[in-house]
Amino acid sequence: MPTRPAVSGTPSRPVSSGPSTPPLADSPTAYIPQVTDRSARSTGSPATPVSPVAPDRVAAAGSEGFPPTGPGRVPPSAGGDRGADPAATALIPAVPATPATRPPTMDSTALMGAVPRTAVPDEPASANPADPPQPRRGERVVQLRPHQTGEGYKSVYSELTRPSFGSRLRTGVRVTGEILITFGLVVLLFAGYEVWGKSAIVDAHQNDLNNELAQAWGPTDDPTVAPSVGPSVKPSPPVRGKPLAGLYIPKLDKNWVVVEGVTQQDIRFAPGHYPTSALPGQVGNFSVAGHRNRATFWRLDELDEGDPIVVESKTDWYVYRVSQSRIVRPTQVEVVAPVPGEPDKKATKRMLTLTTCNPKFDNYQRLIIHAELDRTQPKSAGRPAELGG
C-alpha cells in the first residue's frame, strides 16, 4: 500500500488508493469520499480509515496523482474496489463562525412604553399643539400679563375691575340683600325689646310704685297718741304722675299700681287715671288707660262679661264686674264720659272703664272694657274672695 509522503516533518499517514473522486466545487465544507457498494464490505477486509487533511497539509499537485482542488480535499482510496468505510465519519474542518451581530444593550426601562395622556372629554382637541389649552366649561381665562389691544394695554387688574352690567346688577342685589337682612335684625331686636325688655323694665318700676303707694297709705300719726275725735279730713286731690290706687284682674293673674294722668310720660310704666273722670268707688266712670304690651294690658281682650276687676284704695276694696267689651275709633272719647257713650247724660251708676290700643303692635283702634261696681268691702275685713281672701 503506498503511503503519502510526509509533509513538513509530519509522520506519514496511510491513505487508501483507488479511483479518484471527481472534484467538486469549492465550498467551506470538506468533501466526503464516495461510499462503495455495501457488497464490497462483505469480504471481511477491514476498511481503511480515511482521515481528512487540513488545508495546510495537502500535497502539491501530481504528488499522488490527483490535484488539490480545494482545502481539506480527501483523496480517493488506493484500491479500486475498496472504498472508504461509510461508518467512518469524515472530519469537517472547523468553519470560522461569523460573529452574530448582538443587539445593543438595552436599558432596564427600554421595555416600558410611553404612558398615553388621558383624554379629557370636555377639552376640545387642538389642531395646533403649540396653541394654549382651551378653558373648560365654566372657566374664565384672565391674562396675567398686560397685552396690547386696540384700546391700549390691558392687564389683569383692568380685566377684573372693569364694571359691567352684570357686575353692577350683582352689586345692587348684594347691597339690597344686606340692607334687608339688617332691617330684619333690627325689627327682631325691637320685637324682643317690646316683648321681654319692656316687661322687665315695667315690672321694676311697678315695684317702686308699689313701695311708694304703701308709704303714702301708711299711718302718719304717732301711735303713742290717741286719735282725735272729729270730722274726717277730706283726701287731697291726686298728683299727676303719683300713685293713686291698685288694680287687680284675677282672670289674667295681673295687678298694677295706677298713677294719675294719661300722658305718654305718665303711662310709660303703669296704667293712668283720666284726671277728669271719677275716683274709685264714686258715682260716675272711673276710667283707666294703659299700653298694649305684655307688661300691661296685653291680654285685656280675654275678659268676658261677668269677670271681676278689683280696685284697691286706701281704705276699701271695690269689686267691679265686666258688663261690656267693644272696639272703637281713637276719636270716640265719649267712652270715658260719666255715662259711657252719652256725654250729656247725668251719671247714676258707679262704672269702671279700661282703654288700650288695638290690635296688638298697632294703635289705629281702641279696645274698651266697661264694668259696673258689684260691691264694696272695707280693707279691715281682709282681702276680697276674688283675690283669694
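Which are the buried residues of α2? They are Gly192, Glu194, Val195, Ser199, Val202, Gln206, Leu209 and Leu213, where buried means under 20% relative accessible area, exposed over 50% and partly exposed in between (1.4 Å probe, protein chains only).

## Getting started

This is a predicted model, in which local features need pLDDT of at least 70 and side-chain atom pairs count only at pLDDT 80 or more, while totals for chains, interfaces and linings use all residues. Residues are numbered from 1 along each chain as its sequence is written, and side-chain values use heavy atoms, with hydrogens and water left out.

The chain holds two helices and 10 strands; these are DSSP runs numbered from the N terminus, with helices being H or I of at least four residues and strands E of at least two. Starting at the N terminus, the order of elements is β-β-α-α-β-β-β-β-β-β-β-β. Of the chain's 389 residues, 27% count as buried.

## The helix α2

Helix α2 covers residues 165–217, which makes 53 residues. Its expected span is 1.5 Å times one less than its number of residues.

The buried residues of α2 pack against β3 (243–249) and β4 (254–260), with contact meaning heavy atoms within 4.5 Å.

Let us turn to the strands. β3 and β4 run antiparallel and are joined by six bridges; two strands pair if DSSP finds at least two bridges between them.

On to β5 (residues 272–273): β4 and β5 run parallel, joined by two bridges. Here valine 259 has glycine 272 of β5 as its bridge partner. Five of the seven residues of β4 are buried, so β4 is largely enclosed by the rest of the structure.

## The nonpolar core

A nonpolar core is a set of buried Ala, Val, Leu, Ile, Met, Phe, Trp, Tyr and Cys residues joined through side-chain atoms within 4.5 Å. The largest one has 22 residues, and those touching the most other members are Leu247, Ile249, Leu300, Ile309, Val311, Leu352 and Leu354. At least two residues of this core come from each of β3, β4, β6 (284–289), β7 (308–312), β8 (316–328), β9 (350–358) and β10 (365–378). β3 gives the largest share, four residues.

Leucine 300 contacts Ile249, Leu252, Leu354, Thr356, Leu367 and Ile369, leaving aside its neighbours within four places in sequence.

## Aromatic pairs

The whole structure contains three aromatic pairs. Rings of Phe, Tyr and Trp (its six-membered ring) pair if their centres lie within 6.5 Å; planes under 30 degrees apart count as stacked, over 60 as edge-to-face and the rest as tilted. One of the pairs is tryptophan 256 with phenylalanine 297, edge-to-face at 5.3 Å centre to centre and 90° between the planes. Tryptophan 256 sits in strand β4 and phenylalanine 297 in the loop between β6 and β7, 41 residues apart. Both tryptophan 256 and phenylalanine 297 are buried.

Tryptophan 298 and phenylalanine 361 also form an edge-to-face pair, with 5.3 Å centre to centre and 75° between the planes. Tryptophan 298 is in the loop between β6 and β7 and phenylalanine 361 in the loop between β9 and β10, so this pair ties together parts 63 residues apart in sequence. Tryptophan 298 counts as buried at 11% relative accessibility, whereas phenylalanine 361 counts as exposed at 61%.
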